[in-house]
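Please keep the sequence and the coordinates at hand while reading.

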Amino acid sequence: MARDISELGADVFDDTPKPKNKISPKKRNYIIGLSITGVLLVGVAVATAVLCNTALSDYSNVENVMYYFTPKKLAAEGEEPVAVLYRLPSDKKFPSTFRIPTQVLGYKVVGVADEAFSTHDEIKKVIMPNTIEWIGENAFLDCTNLSSFTWSNNLKEIGVDAFTGTKFYENLLKNDKGLYDIPSGILIYVGANYFDDNTAIVSDSLTEAQISAIKANYPVDNVKKFSELNVKGICSGAFRNNKKITYIDLPETLDEISNSTFEGCSKLEAIDSSHAALTSIGRRAFANCESLETINLPTSLTTLGDEAFANTAISETPDLTTVESIGKGVFMGCHNITSVNYTLDTVYENMFNGCSSLSSITWGVDNANRDNVISIEEGAFAGTAFTEFVFPKNVCDINDYVFENCTSLTKVSLYGNFNDLPLPVEPGDEDEEVEEETELPCVDHEGNPSAELMGVQVIKEGAFKGCTSLSTINLYDDNYAINPDKDISGHDNVFTFPYSVTRCDGSSRQNTNHYTFEGTCPTKVLFSPNMMHVGAYAFHNVTSLTEVKVEQFEKSKMLTIKASAYQGCTNLETIELPLNIIRIENSAFYGCEKLNNISVDQLKIVAINGGTFYNCQSLEQLKLPETISSIKSDAFYRTYNLNYVVLPASVTEVLSRAFTECRQGEVEPMHVYISRTYSAAHAAGKGINFGKNWHDATVKEYYFLGEGEERVEGRNYWQLDGSGNPQEI
């Protein structure tokens with residue numbers, strides 16, 4: 001930057017000849033000797049300083065600072081390997097002036113990682129070598145005393161909130177009418193009042209007629225050209241929360257908009273990028289521009305970052321056909337979007353999440369691209385206004401939370417492949433537990449396993465959670481027609497699952513509850529014989545549900561009913577449990593107050609887990625299988641109407657509170673018949689582990705009276721009567 005002449009001194013331009021003093025040869029030689037010595041001393045000093053900077057300083061930083069290094073073998077030919085300053089440990093203190101080294105252990109230091117200096121309030125100044133090319137997000141976050149920098153001349157990129165919480169940033173905020181750029185020509189900050197009200201920023205290529213048209217159509221009183229900013233690039237967040245800009249025409253020279261560059265520009269109404277060779281729009285670049293109604297994207301655009309246009313006022317989505325990389329939640333929270341014509345093969349994660357007016361979608365002109373759609377990712381349509389939705393036939397998974405809280409959604413249609421035959425039960429399935437990730441292949445029209453995508457296979461975590469009006473899942477054929485003549489489809493208030501679906505518990509997360517259909521409102525669920533797993537909390541609080549059935553019950557491959565799968569289904573009366581089931585997890589039927597028709601005696605389960613039949617008040621009869629070894633805590637809590645339970649001889653433990661509050665009022669206690677003699681049940685090391693207070697006064701325990709077994713005073717005994725029923729003796 002040019003300096004004022006007064007700074008240079010009054011005699012700078014005085015060319016009046018000065019008299020020359022003569023110097024003796026001896027004095028001249030003396031002066032020359034001193035000069036040479038001085039030069040040598042200066043050279044030694046400079047060399048010492050360089051060594052200190054590149055050696056001692058580097059050694060200190062290696063000692064106390066964490067770096068990550070690019071393996072030398074990955075460096076391109078002719079390029080030197082590089083390092084990034086990764087982290088200053090929080091438990092160490094550093095000098096108030098921190099000099100980033102040029103290199104460490106032979107690696108050129110080119111960057112400062114996200115949060116690298118975060119919270120180091122002892123640092124007041126940072127000196128960067130010219131090797132530094134980028135600074136990550138939150139790099140100096142909350143370095144409260146950091147007030148100045150010596151910048152790299154080659155710095156090209158600075159992440160969002162790199163300086164938030166520093167004195168440096170506080171000083172920028174105070175200068176609300178200015179710009180701040182760095183020696184490399186990158187604009188870091190635009191003052192809140194740098195622009196006048198209702199300003200349009202336009203490219204130099206616009207004619208006066210075009211500018212007049214902009215003023216006529218938008219609230220523009222002032223025009224500023226990008227060239228007037230006199231910068232080579234714009235850093236992340238530079239214009240963030242600016243309340244003056246109402247229109248942007250991007251210039252030809254701009255090929256990238258960094259993260260959060262215009263985020264929160266609440267008066268911005270339109271963006272024209274038709275003059276720009278734009279290739280990338282970063283994360284949240286225009287997020288929360290609540291007045292933004294009009295955008296167009298150039299065909300040169302290849303990258304669109306996460307939430308780029310989230311929470312804007314757009315009503316139509318731009319053409320994304322040429323975009324190669326699309327981030328999460330690009331149009332999240334855009335409440336003015338009512339319909340979408342979508343031409344891509346993937347609906348990306350959270351893309352339309354929270355678009356509360358979105359109620360229809362077409363897949364290209366007249367749905368011509370519908371069969372090209374292969375994936376609808378997590379949360380894509382959560383919180384939208386769809387009343388019905390037809391999943392394209394080649395979508396293989398219904399992903400996590402894809403329609404969460406779509407309270408208007410009443411009906412979903414899945415590809416049914418009506419000619420499919422269920423896969424037979426394979427040998428060994430009845431004895432082996434299948435891994436969580438196992439999925440059966442879809443079947444073709446002859447019932448043979450097919451590698452092709454033939455409809456939905458997995459319905460994942462929370463997919464329809466909170467869809468309080470969803471009562472019907474039905475099936476369509478190859479012509480996308482619902483066929484009510486088929487027994488397996490076309491019934492209102494029924495969830496009908498196609499043969500392709502093997503589980504409703506898949507998730508991208510580990511060890512979570514799935515809540516797949518929590519809060520929906522079917523009256524009946526009809527599983528296909530290929531359904532293997534009913535996920536944790538899958539039908540949690542589906543209070544409308546009365547019946548669960550399995551088509552071709554005898555061929556069912558169902559293996560597990562996971563924790564709380566039907567918890568809170570207060571009107572569930574009947575459920576079919578296929579014979580392959582090997583595990584019913586905790587609280588599976590917790591609170592199913594009307595459940596009275598369930599059979600477990602033919603299953604191969606080894607435990608009645610904690611709270612399985614908790615508060616199943618209508619359950620009257622339940623015969624346990626001979627494979628049971630454990631009755632867990634609260635397993636039969638408040639089973640008020642259960643006549644009796646016979647504990648098979650295989651039972652080795654009955655844990656605390658397994659049978660408590662099993663009766664109401666002054667009535668005969670529930671009988672628990674233990675299929676062991678008293679001595680066998682209490683034999684040291686071989687008997688039954690009875691947990692503390694495993695039952696209360698609402699239950700009466702009976703021991704089998706074996707031949708020759710002597711009664712123990714105060715104990716109750718039983719035997720089978722002529723009909724094979726237990727009776728007190």
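Is Arg 583 buried or exposed? The model is a predicted one, and in it Arg 583 has a relative accessible area of 19%. Arg 583 therefore counts as buried, since the limit for that class is under 20%. Its side chain forms a salt bridge with Glu 585, with the closest N and O atoms 2.8 Å apart.

The structure has 17 salt bridges in the count. One of them joins Glu 661 to Arg 638, at 3.0 Å from N to O. This pair links distant parts of the chain, 23 residues apart. Glu 661 lies in the loop between β44 (653-654) and β45, while Arg 638 lies in the loop between β42 (630-631) and β43 (644-647). Glu 661 is partly exposed, at 31% relative accessibility, and Arg 638 is also partly exposed, at 28%. Another salt bridge is formed by Glu 547 and Lys 549, whose closest N and O atoms are 4.0 Å apart. Glu 547 is partly exposed with a relative accessible area of 26%, and Lys 549 is partly exposed at 26%. Elsewhere, salt bridges link Glu 263, Arg 284 and Glu 307 into a network.

Next come the nonpolar residues. In soluble globular proteins, nonpolar side chains tend to be buried together. Here the largest nonpolar core consists of 136 residues, and Tyr 566, Phe 589 and Phe 659 have the most contacts inside it. Strand β45 (residues 670-674) supplies the largest share of this core, namely three residues. What is Tyr 566 in contact with, leaving aside neighbours within four places in sequence? The partners include the aromatic residues Phe 527, Phe 539, Phe 589 and Tyr 590, and among the others are Val 534, Leu 545, Val 548, Ile 561 and Cys 592. A second core is separate and has 34 residues, including Tyr 67, Leu 85, Val 109 and Ile 158.

A pair of aromatic rings is described by the distance of the centres and the angle of the planes. Phe 381 takes part in a tilted pair with Phe 389, with the centres 5.4 Å apart and 50° between the planes. Phe 381 also forms a stacked pair with Phe 403, at 5.6 Å centre to centre and 20° between the planes. Phe 381 lies in the loop between β25 (375-376) and β26 (388-390), and Phe 403 in the loop between β27 (397-398) and β28 (411-415), so this pair ties together parts 22 residues apart in sequence. Phe 381 is buried, at 0% relative accessibility; Phe 389 is buried at 3%, and Phe 403 is buried at 0%.

The charged end of Arg 370 sits over the ring of Tyr 480, 3.6 Å from the centre. Lys 465 lies over the face of Tyr 515, at 4.6 Å from the ring centre.

Four strands form an open sheet with parallel pairing, in the order β16-β18-β20-β21. Why is one side of β16 and of β21 left without a neighbour in the sheet? β16 (256-257) and β21 (325-326) stand at the edges and each has a single partner strand, so one side of each has no neighbour there. Leu 304 has Ile 326 in β21 as its bridge partner.

Notes:
Residues are numbered from 1 along each chain as its sequence is written. This is a predicted model: local features need pLDDT of at least 70, side-chain atom pairs count only at pLDDT 80 or more; totals for chains, interfaces and linings use all residues. Side-chain values use heavy atoms; hydrogens and water are left out. A nonpolar core is a set of buried Ala, Val, Leu, Ile, Met, Phe, Trp, Tyr and Cys residues joined through side-chain atoms within 4.5 Å. Buried means under 20% relative accessible area, exposed over 50%, partly exposed in between (1.4 Å probe, protein chains only). Helices (H or I, at least four residues) and strands (E, at least two) are DSSP runs, numbered from the N terminus. Contact means heavy atoms within 4.5 Å. Two strands pair if DSSP finds at least two bridges between them. Rings of Phe, Tyr and Trp (its six-membered ring) pair if their centres lie within 6.5 Å; planes under 30 degrees apart count as stacked, over 60 as edge-to-face and the rest as tilted. A charge sits over a ring if NZ of Lys or CZ of Arg is within 6 Å of the ring centre and within 35 degrees of the ring normal.
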